[in-house]
Amino acid sequence: MTERATSEVPTGGPEETTSESAKLPTTEPSGEAAASESAWEEQTPVPQEPAPQAPAATKPAPASEDLPSAPLLLAVEDVSDSAVTVSWEPPERLGRLGLQGYVLELCREGASEWVPVNARPMMVTQQTLRNLALGDKFFLRVAAVSSAGAGPPAVLDQPVHIQKSIEAPKIRVPRHLRQTYIRQVGEAVNLQIPFQGNPKPQASWTHNGHALDSQRVSIRTGDQDSILFIRSAQRSDSGCYELTVRLEGLEAKAAIDILVIEKPGPPRSIRLLDVWGCNAALEWTPPQDTGNTDLLGYTVQKADKKTGQWFTVLERYHPTTCTVSDLIVGNSYSFRVFSENLCGLSASAAVTKELAHVQKADIAAKPKGFVERDFSEAPSFTQPLADHTSTPGYSTQLFCSVRASPKPKIIWMKNKMDIQGDPKYRALSEQGVCTLEIRKPSPFDSGVYTCKAVNVLGEASVDCRLEVKASATH
């Protein structure tokens, strides 16, 4: 069974009944509803009952076993600016002859006659009337129809009023404005708040519940947003700004907290409480002006009287007393304290009036007796000479290393004969390394070479054999 039908209002207007104001939509049946048209044509039209005062008060015809009872739960499902949709439930009693469909009737406000919307019964339990004009106001009723006639109708309690659809106003607050919006003194404030609503709603602003100062605050409201602008923010501009959007009895509100801040003032006073050892104790009082926001802490600095340069000791320190340690003995120090908030450090600082003198303690030095160590040592070779084979005509070197204190005298010998002064040999000694260079040796230079080290504590010697191979003769 078809459950829904649509009726449209022609542009030229429907057929006129006894009253010109009874302009009705026409019904186009579909599905099983069309099968009932031939049976309906043989029946008399549905009687129209006048209802000049309240159509819902029309008395139904006496109940008959052949007629169905009134449909149940007649209700308006949807109303727009050009259409209305109504629905109902089948009646409890269909009658002995069976149900042929339903007839929906309309009676405009102020009229006295009910006019059928669909000329023939339709087997639907929901109908949409389209092409309605703005401002139309009418009653609706529906009756179940059998071959014996129409049963009693079900009538809407309230008239249907066709008016322009209204979209309730809504405000979309940007994410960054859902928490306190912070600006510095002198900066611009530019808030753009989108909203929705149809037709265009009316927007208004308040500051802490009062009207805005038009000399300082500019407002521009468009179709979809409202902009609040302050060219140069001052601390007095801080507070709660509330946007209200109204539309025909409906309204939406959004609150935005703005905080305008600046740098804090310096601590009001600072005192040097005590100096002991390499430490100094300080105390100060909080600033009178915090810059319209909470302090992040204090910055403590020290300066040596000799250099006058300031060095930071503590940063974002919250207590109002502190101890400065690791001061240098014999120096004098000045101290200063800055306040700090989100804008930065205060423009000036509280400085101690008196210097902190770190006194030298009366300490008598007691030097211990120093015993000088004797590093004297007789010569000893830490690296001996190594046997060596050389080629005639190519210079060669012999190496060894010796340790001794005082510095020993180095003597080179060949086959137990002192070779000092011989131009064929060149002896070097540096950092305990002894070197003997033999310039272009010949087979005659082969033999046993000795290095002897001598000082006042003794002597030592090492030997090696040098072999110079003779060239092969052809």
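Colleague: How many residues lie between β8 and β9 in the hairpin that they form?

Modeller: This is a predicted model, in which local features need pLDDT of at least 70 and side-chain atom pairs count only at pLDDT 80 or more, while totals for chains, interfaces and linings use all residues. Residues are numbered from 1 along each chain as its sequence is written, and side-chain values use heavy atoms, leaving out hydrogens and water. Strands are DSSP runs (E, at least two residues), numbered from the N terminus. The hairpin of β8 and β9 has 2 residues between its strands.

Colleague: Which strands are joined to β8 by bridges?

Modeller: In general, strands of a sheet pair through backbone hydrogen bonds, either parallel or antiparallel. Two strands pair if DSSP finds at least two bridges between them. Here β5 (residues 101–108) runs antiparallel to β8 and is joined to β8 by 8 bridges; Gly-101 has Val-145 of β8 as its bridge partner. Strand β9 (residues 149–155) is also antiparallel to β8, with 5 bridges, and Ala-143 stands opposite Pro-153 in β9.

Colleague: Why is β8 described as largely enclosed by the rest of the structure?

Modeller: Buried means under 20% relative accessible area (1.4 Å probe, protein chains only). Strand β8 (residues 137–146) is largely enclosed because 9 of its 10 residues are buried.

Colleague: What is the strand order in the open sheet of 5 strands?

Modeller: The order is β29-β36-β35-β31-β32, with mixed pairing. Its edge strands, β29 (388–390) and β32 (417–418), each pair on one side only.

Technical notes
Helix = DSSP H or I, 4+ residues; strand = E, 2+ residues; numbered from the N terminus. Buried < 20%, exposed > 50% of the residue type's maximum accessible area, 1.4 Å probe, protein only.
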